[in-house]
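Good morning, everyone, and thank you for making time for this.

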Amino acid sequence: MSEFLPHKKRLLEEVYEKASQEATEQSFSGILKSLERSLLDDFKITLSYRTFETYYKSIVENEEDYNIKRSTLNDLSIYLGYENFKSYCLGWKTIEHTIQQAISKIVITIINKPLLVMPDFIKQNGFGIAGILIIGSVLLGNYKLPKEGKYIKRREVLD
């Protein structure tokens with residue numbers, strides 16, 4: 001794998017992003033055809049949209065290394081406003097270094113807080129979980145048990 005794979009990937013992403021902003025078409029092939037015309041008209045760079053599509057799909061989408069000529073990398077860097085691919089990589093390194101410095105300054109604070117907090121009146125009175133279970137079972141029992149009248153009527157029907 002090439003040591004420049006992340007650089008090439010980012011370069012292709014940025015070229016595609018710039019081309020998509022400049023293009024009137026919104027489809028993938030329409031953007032690439034617009035890029036091909038723009039490279040030829042504005043920068044006198046000959047690069048087929050099919051070739052760029054192959055580069056993009058191999059490197060960006062499939063994350064596989066693909067051999068791109070140095071002159072093509074230089075041309076794409078010029079399209080983005082850099083002098084050549086080397087200056088693009090140097091600019092990318094300084095951004096990467098700045099991001100790493102910013103990330104190293106981030107402090108993560110972890111607060112260990114219980115999810116279920118017992119109310120203070122339960123703690124003070126010693127009521128606790130046992131009391132809650134007793135009251136819950138009494139309430140549930142009153143709700144679920146049949147009434148006396150129903151029980152007697154059923155019994156009379158059976159006799």
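When I speak of a helix, I mean a DSSP run of H or I with at least four residues, numbered from the N terminus. Please keep in mind throughout that this is a predicted model.

Taken as a whole, the chain has eight helices and zero strands, and buried residues make up 26% of its 159 residues. Among the contacts with a separation of 6 or more, 58% are between residues 24 or more positions apart.

Let me turn to helix 4, which covers residues 70-79 and whose buried residues are T72, L73, L76, S77 and Y79. These residues lie on the same side of helix 4, because they cover an arc of only 155° around the axis. After helix 4 comes G81, with a positive phi near 105°.

Now to the aromatic residues, where the structure holds eight aromatic pairs. One of them is formed by Y16 and Y56, a tilted pair with 5.1 Å from centre to centre and 40° between the planes. This pair links distant parts of the chain, with Y16 in helix 1 (residues 5-22) and Y56 in helix 3 (residues 49-61), 40 residues apart. Both Y16 and Y56 are buried, and together with F28 and F52 they form one aromatic cluster.

Definitions and conventions
Residues are numbered from 1 along each chain as its sequence is written. This is a predicted model: local features need pLDDT of at least 70, side-chain atom pairs count only at pLDDT 80 or more; totals for chains, interfaces and linings use all residues. Side-chain values use heavy atoms; hydrogens and water are left out. Buried means under 20% relative accessible area, exposed over 50%, partly exposed in between (1.4 Å probe, protein chains only). Helices (H or I, at least four residues) and strands (E, at least two) are DSSP runs, numbered from the N terminus. The arc is that of the directions from the helix axis to the C-beta atoms. Rings of Phe, Tyr and Trp (its six-membered ring) pair if their centres lie within 6.5 Å; planes under 30 degrees apart count as stacked, over 60 as edge-to-face and the rest as tilted. Contact means heavy atoms within 4.5 Å.
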